[in-house]
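Subject: Structure handover

Hi,

Here is the structure for you to look over. My notes follow below it.

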Amino acid sequence: MPRQITAFSNPLIKRVRSLREKRHRKSEGLFIAEGLRILTEAADSGVLPDMIFFAKDGAEHPLAKRLVDQVEAGGGEAIETDRDILSKLSGKDNPQTVIGVYREFDTSLDRIDRATADIWIVAQSLRDPGNLGTILRTGDAVGAGGLILVDDCVDPFSVESVRATMGALFTQRIATTRWPEFLAWLRGGPGQLVGTSLKATQDYQAPRYAAPTFILVGNEAQGLPTDYETECDLLVRMPMLGRADSLNAAVATAVMAYEVLNQRRPK
């Protein structure tokens, strides 16, 4: 049976609230996800939270009830509370009716099996949680294997990042690494590294992409460093017919991912 917590001073509430800060997430190895959609997406992908907090007035929703039952059946803990405490946990004035506390995934590069998908996305120094979320959702949509975060990227387990993924965090593999380690790993097996660059002369629809294709996107402000571009097997650009000189990083990634996907689809 779920237990009840209604006091802000409860040690568990303080502990979970601290997971909004990166240093506490790292020390605990835990992160927060909010909302029926995200938690249901996770459960459908075979990932259940260690703990689920839910508002009493939202517990009658069939999805919420199913989640609570699944967590308890899986050995996790269900905690009934009120919306004020959920607001404290999420940092939002209008919180979701359920919040899950999950184990952080192993993000080591050696857990990536490149043979499991024809498309992989690689982001270098990506800083915006919204872009990370959109890229993960794009990866899910095109059947990509996952996202490899290179160098100093936004934390994929931050509250903002998890929220932006709308559940794709649980359907895509995620790895974090540095550029030299990524290159060594990439060249240790099959894979075509394709970078997008304003300096490229080849249109993105001109080449035939080889599988697996690793789509490399750079930092939102600076793009890819020159020495990173040099290591690419292909550099391509998208036509810019208006006054803008570049696309948003997540949008550019989506355009590239769908081009690669379309080349693989039966005609």
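Strand 9 and strand 12 (residues 234-237) run parallel, joined by three bridges. Within that pairing, Thr-196 has Val-236 of strand 12 as its bridge partner. Please keep in mind that this is a predicted model.

Strand 9 also pairs with strand 11 (residues 213-217). That pairing is parallel too, with four bridges.

Strand 9 itself spans residues 192-196, and five of its five residues are buried. Side chains in a regular strand alternate between the two faces of the sheet. In strand 9, Gln-192, Val-194 and Thr-196 point one way. Leu-193 and Gly-195 point the other way. Both sets are buried.

Next, the cores. The largest nonpolar core has 35 residues. Ile-52, Leu-147, Leu-169 and Phe-170 touch the most other members. Helix 3 (residues 36-44) gives the most to this core, five residues. Another core lies apart from it, with 19 residues, including Leu-216 and Phe-182.

Beyond its sequence neighbours within four places, Phe-170 contacts Phe-31, Ala-33, Ile-38, Ala-42, Ser-45, Val-47, Tyr-102 and Phe-105.

Last, Gln-172. This residue sits in the loop between helix 7 (159-165) and strand 8 (173-177). Gln-172 counts as buried because its relative accessibility is 8%, below the 20% cut-off. Its side chain reaches the backbone oxygen of Ala-144 at 3.0 Å. Not counting residues up to four places away in sequence, Gln-172 touches Ala-144 and others, among them Leu-136, Asp-140 and Gly-146.

Best wishes

Terms used: Residues are numbered from 1 along each chain as its sequence is written. This is a predicted model: local features need pLDDT of at least 70, side-chain atom pairs count only at pLDDT 80 or more; totals for chains, interfaces and linings use all residues. Side-chain values use heavy atoms; hydrogens and water are left out. Helices (H or I, at least four residues) and strands (E, at least two) are DSSP runs, numbered from the N terminus. Buried means under 20% relative accessible area, exposed over 50%, partly exposed in between (1.4 Å probe, protein chains only). A polar contact is a pair of N or O atoms within 3.5 Å; within protein, one must be able to donate a hydrogen and the other to accept it, and residues adjacent in sequence count only if both atoms are side-chain atoms. Contact means heavy atoms within 4.5 Å. A nonpolar core is a set of buried Ala, Val, Leu, Ile, Met, Phe, Trp, Tyr and Cys residues joined through side-chain atoms within 4.5 Å. Two strands pair if DSSP finds at least two bridges between them.
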